Amino acid sequence: MTAPAPVRTPLPAALAGQHVLILGGSSGIGLAAARLLAGAGARLSLVARDETRLKAAVGTLPDGTAVTALTADATDEDRLVEVFRQAGPLDHVLVTAGAASRTPLAETDRCRVRDAFDVRFWGGYSTARIAAGQLPAGGSITLMSGVYTVRPVAGAAAAIASGAACEGLTRALAVELAPQRVRVNAVRSGVVDTPPLRRRLHVSDADPAEADAAVAAAGSHLPLGRFGTAEEAAAAALFVMANPYVTGSVVTVDGGQSLA
Ligand SMILES: NC(=O)c1ccc[n+]([C@@H]2O[C@H](COP(=O)([O-])OP(=O)(O)OC[C@H]3O[C@@H](n4cnc5c(N)ncnc54)[C@H](OP(=O)(O)O)[C@@H]3O)[C@@H](O)[C@H]2O)c1
């Protein structure tokens with residue numbers, strides 16, 4: 001009989017010294033999670049496709065952070081296996097790789113939907129499958145979902161369906177991996193101010209103050225009067241990683257966007 005899940009402090013302090021791999025760690029929510037985890041004293045393996053962006057992301061972490069940068073495409077399962085081998089023993093895995101392109105149904109052929117699923121769902125699936133064979137009791141896998149899965153907008157079917165699939169996968173794997181005391185959760189984030197949002201709003205980096213003002217104006221109609229920050233979404237990932245009694249949960253951090 002397997003021992004029960006270990007009891008330890010459920011606060012982020014529990015993550016000190018733990019090794020966390022973030023697939024999608026060079027930008028947005030993944031990079032924000034890396035910064036929070038570095039602050040908590042975790043060791044990091046950051047994974048993404050673009051080496052230059054990865055190096056720049058590593059450069060933004062506090063001095064002394066134990067971090068390894070590894071390039072991989074989430075759609076390449078063989079490369080993911082190699083990345084896990086290079087990273088060595090892990091305690092937690094967070095998957096934020098994904099991109100939310102928006103197109104109306106008439107312009108969204110199966111290829112586009114497949115592309116969305118390839119990264120977000122199949123990338124998450126492959127990562128979870130590799131991680132499941134390696135994580136220790138109390139370890140965790142965290143996937144990303146989004147508020148549109150419960151409060152959809154038109155023209156985002158591929159992104160919404162792939163996010164919803166990640167929520168289903170989360171619950172399925174939480175049950176399947178519970179006997180080995182590995183936990184699986186998802187963060188259902190509201191719209192967050194990260195590079196994809198700024199691209200969607202056509203906000204230019206040329207004048208940062210003007211860009212911030214444009215983002216603020218675009219989010220002012222939301223219940224709390226603004227979009228979320230990457231750090232606010234990432235903090236939910238740290239919560240589910242650290243708390244040894246959380247599994248199968250989809251934690252919503254959406255500033256009330258699902259209610260409006
Ligand atoms: N921002 C939001 O408003 C929001 C809301 C709800 C849900 N989400 C979801 O949260 C996740 C993160 O969003 P974000 O806004 O933080 O995005 P982001 O800033 O664009 O960051 C995405 C990260 O994933 C990496 N990535 C993308 N495609 C990849 C691939 N095929 N293989 C490996 N790495 C890949 C990117 O680096 P490379 O491009 O170099 O690979 C980058 O590090 C996404 O799944 C998104 O759909 C976001």
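Visitor: How much space lies in the largest cavity?

Guide: This is a predicted model, and in it the largest cavity holds about 40 Å³ of space. It is one of two cavities of 30 Å³ or more that a search of the whole structure finds.

Visitor: What makes it a cavity rather than a pocket?

Guide: A cavity is a set of points where a 1.4 Å probe fits but cannot get out, whereas a pocket is an open set. The lining of the largest cavity consists of V95, T96, A97, R120, G124, L143, M144 and C166, and the elements that give two or more residues to that lining are helix 4 and strand 5. By class, this lining has five nonpolar, two polar and one charged residue.

Visitor: Which residues line the second largest cavity, and how do they divide by class?

Guide: The second largest cavity, with a volume of about 30 Å³, is lined by S101, R102, T103, T108, G155, A156, A157 and A158. Its lining divides into three nonpolar, four polar and one charged residue.

Visitor: Why is T96 called buried?

Guide: The relative accessibility of T96 is 16%, and buried means under 20%, so T96 counts as buried. T96 is placed in the loop between strand 4 (92-95) and helix 4, and, leaving aside residues up to four places away in sequence, T96 touches I22, L23, G24, G25, I29, G30 and M144.

Visitor: What is the volume of the largest pocket, and which residues are the closest to its centre?

Guide: The volume of the largest pocket is about 1400 Å³, and of the 49 residues that line this pocket, T96, G98, A99, A100 and P196 are the closest to its centre. Helix 1 (28-39), helix 4, strand 5, helix 5 and helix 6 each supply at least two residues of the lining, which by class has 22 nonpolar, 17 polar and ten charged residues.

Visitor: How do you know that the span of helix 5 agrees with its number of residues?

Guide: Helix 5 (residues 157-177) has 21 residues, which at 1.5 Å a residue should span 30 Å, and because its end C-alpha atoms are 30 Å apart, the two values agree. The buried residues of helix 5 include A158, A159, I160, C166, L169 and L173, and what covers the buried residues of this helix includes helix 4 (110-132), strand 5 (140-146), strand 6 (183-189) and strand 9 (250-253).

Visitor: What puts the buried residues of helix 7 on the same side?

Guide: In helix 7 the buried residues are A211, V215 and G219. They cover an arc of only 65 degrees around the axis, and therefore lie on the same side of helix 7. On the other side of helix 7, A209, E210 and A217 are exposed, while what covers the buried residues of helix 7 includes strand 7 (192-193) and helix 6 (195-200).

Terms used:
Residues are numbered from 1 along each chain as its sequence is written. This is a predicted model: local features need pLDDT of at least 70, side-chain atom pairs count only at pLDDT 80 or more; totals for chains, interfaces and linings use all residues. Side-chain values use heavy atoms; hydrogens and water are left out. Helices (H or I, at least four residues) and strands (E, at least two) are DSSP runs, numbered from the N terminus. The expected span of a helix is 1.5 Å times one less than its number of residues. Buried means under 20% relative accessible area, exposed over 50%, partly exposed in between (1.4 Å probe, protein chains only). Contact means heavy atoms within 4.5 Å. On a 1 Å grid over the protein atoms alone, a cavity is a set of points where a 1.4 Å probe fits but cannot get out, and a pocket is an open set with protein on both sides within 12 Å along at least five of seven lines; lining residues have an atom within 4 Å of a point. Grid points are joined across faces, edges and corners, and a volume is the space filled by probe spheres set on the points. Ala, Val, Leu, Ile, Met, Phe, Trp, Tyr, Cys and Pro count as nonpolar, Asp, Glu, Lys and Arg as charged, and the others, Gly among them, as polar. The arc is that of the directions from the helix axis to the C-beta atoms.
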